[in-house]
Amino acid sequence: MARNTNKADLQVREVLMHQAGLIPDIPTFDKIKPTDHSADSSAAFPVKVNNGYFLRKDYYKDIMLPAMYNSPLKTRGQYVYSDVSMLLMQQIVENIMKTPLNQYVQQQFYNRLSMQTAGFYPSTVSPRCRSFHQKMMKFTENLN
């Protein structure tokens, strides 16, 4: 995973507290090529980014992860919110649990708490809850 990168000696505590020196974001959309996305969902383009915009199957693994692992570190010990920290935590959890994070969260949290309308990815919520979800979803970014 990150063993041979500048992130090898980061502590989980630093990552969770956004004090690991990680940059705020990885500008991967600059690297998207026409062959990386499609207007329609398919087995080759299963990752929905927005309505009518689907990324190819291995884009995250092929483009985003290497960019994250090769990104620079800034000043450690200083609070800087970073999306990269949560992507690193995903890799840590999946590596330890040997389960994709969305499945782990569903099994260990949502199911146990009877959270029937909760879901890690909105597109994986059951059809009976989907219309409810579209009305109740709170986006963390402006998608327009």
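# Packing and links in a predicted chain

Biologist: What do the buried residues of helix 2 pack against?
Modeller: They pack against strand 3 (53-55) and helix 3 (83-97). Packing here rests on contact, meaning heavy atoms within 4.5 Å. Helices (H or I, at least four residues) and strands (E, at least two) are DSSP runs, numbered from the N terminus.

Biologist: What kind of model is this, and what are the ground rules?
Modeller: The model is predicted, so local features need pLDDT of at least 70 and side-chain atom pairs need 80 or more, while totals for chains, interfaces and linings use all residues. Residues are numbered from 1 along each chain as its sequence is written, and side-chain values use heavy atoms, with hydrogens and water left out.

Biologist: Back to helix 2. Which residues in it are buried?
Modeller: In helix 2 (residues 59-69), they are Tyr 59, Leu 65, Ala 67, Met 68 and Tyr 69. Buried means under 20% relative accessible area, exposed means over 50%, and partly exposed is in between (1.4 Å probe, protein chains only).

Biologist: How many helices and strands are in the chain?
Modeller: There are five helices and three strands. Along the sequence, the pattern reads α-β-β-β-α-α-α-α.

Biologist: How many residues does the chain have, and what share is buried?
Modeller: The chain has 144 residues, and 28% of them count as buried.

Biologist: Which residues are buried in helix 4?
Modeller: In helix 4 (residues 101-110), they are Leu 101, Val 105 and Tyr 110. Seen down the helix axis, these buried residues fall within an arc of 95°, so they line one face of helix 4. The arc is taken from the directions that run from the helix axis to the C-beta atoms.

Biologist: And what does that buried set pack against?
Modeller: The buried residues of helix 4 pack against helix 3.

Biologist: Take Gln 90. Where does it lie?
Modeller: Gln 90 lies in helix 3.

Biologist: Why does Gln 90 count as buried?
Modeller: Its relative accessibility is 15%, so Gln 90 counts as buried. Gln 90 is in contact with Tyr 60 and Leu 101, leaving aside neighbours within four places in sequence.

Biologist: Now the strands. In which sense do strand 2 and strand 3 pair?
Modeller: Strand 2 (residues 47-50) and strand 3 pair in the antiparallel sense, over three bridges. Two strands pair if DSSP finds at least two bridges between them. The bridge partner of Asn 50 is Tyr 53, in strand 3.

Biologist: What about the turn between them?
Modeller: This hairpin has two residues between the strands, and Gly 52 takes a positive phi near 75°.

Biologist: Salt bridges next. How many are there?
Modeller: The count comes to four salt bridges. Each one is a side-chain nitrogen of Lys or Arg within 4 Å of a carboxyl oxygen of Asp or Glu.

Biologist: What does Asp 9 meet in a salt bridge?
Modeller: The side chain of Asp 9 meets that of Arg 76, at 3.3 Å, N to O. Arg 76 is in the loop between helix 2 and helix 3, and Asp 9 is in the segment before helix 1, so the pair ties together parts that are 67 residues apart in sequence.

Biologist: And Arg 56?
Modeller: Arg 56 forms a salt bridge with Asp 36, with the closest N and O atoms 2.7 Å apart. Arg 56 sits in the loop between strand 3 and helix 2, while Asp 36 sits in the loop between helix 1 and strand 1 (37-38), 20 residues apart. Both Arg 56 and Asp 36 are buried. Arg 56 also forms a salt bridge with Asp 62, with the closest N and O atoms 2.9 Å apart.

Biologist: Which residues do salt bridges that share partners join into one network?
Modeller: Asp 9, Glu 14 and Arg 76.

Biologist: Which residues make the nonpolar surface patch?
Modeller: Val 12, Leu 16, Met 17, Tyr 79, Tyr 81 and Met 86 make a patch of about 580 Å². Patch residues have over 30% relative accessible area and no salt bridge; like charges are joined within 9 Å, nonpolar side chains (Val, Leu, Ile, Met, Phe, Trp, Tyr) within 5 Å. Areas come from the Shrake-Rupley method with a 1.4 Å probe, and for residues only the protein chains shown count as cover. Val 12 lies in helix 1 (residues 12-16).

Biologist: Last one. What does Pro 24 touch?
Modeller: Val 80, Tyr 81, Ser 82, Asp 83 and Val 84, not counting residues up to four places away in sequence. Pro 24 and Val 80 are 56 residues apart in sequence, yet 6.9 Å apart in space, C-alpha to C-alpha.
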